[in-house]
Amino acid sequence: MAEFKIITDSTADLPGEYIEQNHLGMMVLPYIVNEEPYGIDKEMDVKEFYQQMRGGMMPTTSQVNPETAKEYLEKYLEECSELLVLSFSSGLSGTCGNVFTAAAEIMEERKDCRIIVVDTLCASLGEGLLVHKAVEMKKAGKSLDETAEWVEKHKLNMVHVFTVDDLFNLHRGGRVSRATAIVGTLASIKPLLHVDDEGHLVAVGKVRGRKKSLNSLVDMMEKQIGSFRDKNDCFFISHGDALEDAEYVRDLVKEKFGISDCMINTIGPTIGAHSGPGTVALFFFGDNR
């Protein structure tokens, strides 16, 4: 196995056992629930988190600052002198910029290490799927540079399509107006969104009804998978405490595309604070986002 350490952040929404099995480094983006900080020293049970959101709780999140990023990197350099950091989209957080700053400072101070930071322009298990591909490359013996170059080349092939169940969470995040949230909720309108080439969340459509919105995710995959149709050996799905709906989408994808390997995991509090309960997101490689 190649001698470098892969680091990502908590927004990748990878399962804890996956992180442990693959010896990944992790930068934690903190969040606040009812004025109490979580993330770094303690975690809130994710089901409780979503239950509280359904009850009206409004969590807040923050980025990893440059000082904390530097502490993380220095800690992981004690394990390995070469680091590959696959970071949360710069279009959604200042974390990636702060990691770049911290890495540059460290490499200026000491010449015995290498740190490559990649702005994945991805979120949730879209970021997680890129990490997974990097893990596979490392296991296959690819070098730090080879792995980083592959991720940089293919990150805009990482397609995110998702739907949310509650428009008011998008309103609080400034994605839709209050009037749109009210009218859409009354009419059972479900927005369809994706992450664009700049790493921003963008609405791309809307349908009426929950089941249609889930079916539409698979329809979007059909439109965007293109020449990657036979190249996707796995796909990932994340959800905001909506496992049954995530499994419904998984089964549709397996039936339509014949891809058997799928990771499903809950969206963690950092992303979930903005997407809300009931979100279902589908991730795969396609010709473009």
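**A threonine and its surroundings**

Modeller: Let's begin with T120, which is buried because its relative accessible area is 0%, and the cut-off for buried is under 20%. Please keep in mind throughout that this is a predicted model. You will find T120 in the loop that runs between β7 (114–119) and α5.

The side chain of T120 has polar partners in the backbone. One of its polar atoms lies 2.7 Å from the backbone oxygen of S87. The T120 side chain also reaches the backbone nitrogen of C122, at 3.1 Å. If you set aside the residues within four places of T120 in sequence, its contacts are L86, S87, F88, S89, E127, L130, K155 and R289.

Now let's step back to the domains. The protein is divided into domain 1, covering 5–156, and domain 2, covering 157–285. Their C-alpha centres lie 22 Å apart. Across the boundary, 38 residues of domain 1 are in contact with 38 residues of domain 2. The area buried between the two is about 3,200 Å², and carbon and sulfur atoms give 66% of that area. On the domain 1 side, Y50, L125 and L129 supply 20% of what this domain buries against domain 2, more than any other three residues.

There is a polar side to this boundary too. Between the domains there are 14 residue pairs in polar contact. As for which elements of domain 1 take part, those that give two or more residues to the side touching domain 2 are α2 (46–54), α5 (124–139) and α6 (144–154). Of these, α5 provides the largest share, with 9 residues. By residue type, the domain 1 side divides into 21 nonpolar, 10 polar and 7 charged residues.

Salt bridges also cross between the domains, and the count there is 3. K133 and D233 meet in a salt bridge through their side chains, at 2.8 Å from N to O. K47 forms a salt bridge with D241, and here the closest N and O atoms are 2.7 Å apart. K47 sits in helix α2 while D241 sits in the loop between β11 (234–239) and α10 (243–257), so this pair ties together parts that are 194 residues apart in sequence. K47 itself counts as partly exposed, since its relative accessible area is 45%.

Helix α2 holds a contrasting residue. F49 also lies in α2, but F49 is buried, because its relative accessibility is 0%. Apart from neighbours within four places in sequence, F49 is in contact with Y31, V33, M44, M57, P59, P269, G272 and A273. For a sense of scale, the C-alpha atom of F49 is separated by 24 Å from that of L129, a residue 80 places away along the chain.

Next, have a look at K70, in helix α3 (residues 66–77). K70 counts as buried because its relative accessibility is 17%, below the 20% cut-off. Beyond four places in sequence, K70 touches A102, E105, I106 and E109. One of these contacts is also a salt bridge: the side chains of E105 and K70 meet at 3.4 Å, N to O. That pair links distant parts of the chain, with E105 in helix α4 (residues 95–109) and K70 in helix α3, 35 residues apart.

To finish with the charged residues, the side chains of R110 and D112 meet in a salt bridge at 2.9 Å, N to O. R110 counts as partly exposed because its relative accessibility is 29%. Elsewhere, salt bridges with shared partners join D165, K190, R210 and D245 into one network. The overall count for the model comes to 18 salt bridges.

Conventions. Residues are numbered from 1 along each chain as its sequence is written. This is a predicted model: local features need pLDDT of at least 70, side-chain atom pairs count only at pLDDT 80 or more; totals for chains, interfaces and linings use all residues. Side-chain values use heavy atoms; hydrogens and water are left out. Domain bounds come from an automatic or database domain assignment. Contact means heavy atoms within 4.5 Å. Buried area is the accessible area (1.4 Å probe) that two parts lose on being put together, summed over both. A salt bridge is a side-chain nitrogen of Lys or Arg within 4 Å of a carboxyl oxygen of Asp or Glu. A polar contact is a pair of N or O atoms within 3.5 Å; within protein, one must be able to donate a hydrogen and the other to accept it, and residues adjacent in sequence count only if both atoms are side-chain atoms. Helices (H or I, at least four residues) and strands (E, at least two) are DSSP runs, numbered from the N terminus. Ala, Val, Leu, Ile, Met, Phe, Trp, Tyr, Cys and Pro count as nonpolar, Asp, Glu, Lys and Arg as charged, and the others, Gly among them, as polar. Buried means under 20% relative accessible area, exposed over 50%, partly exposed in between (1.4 Å probe, protein chains only).
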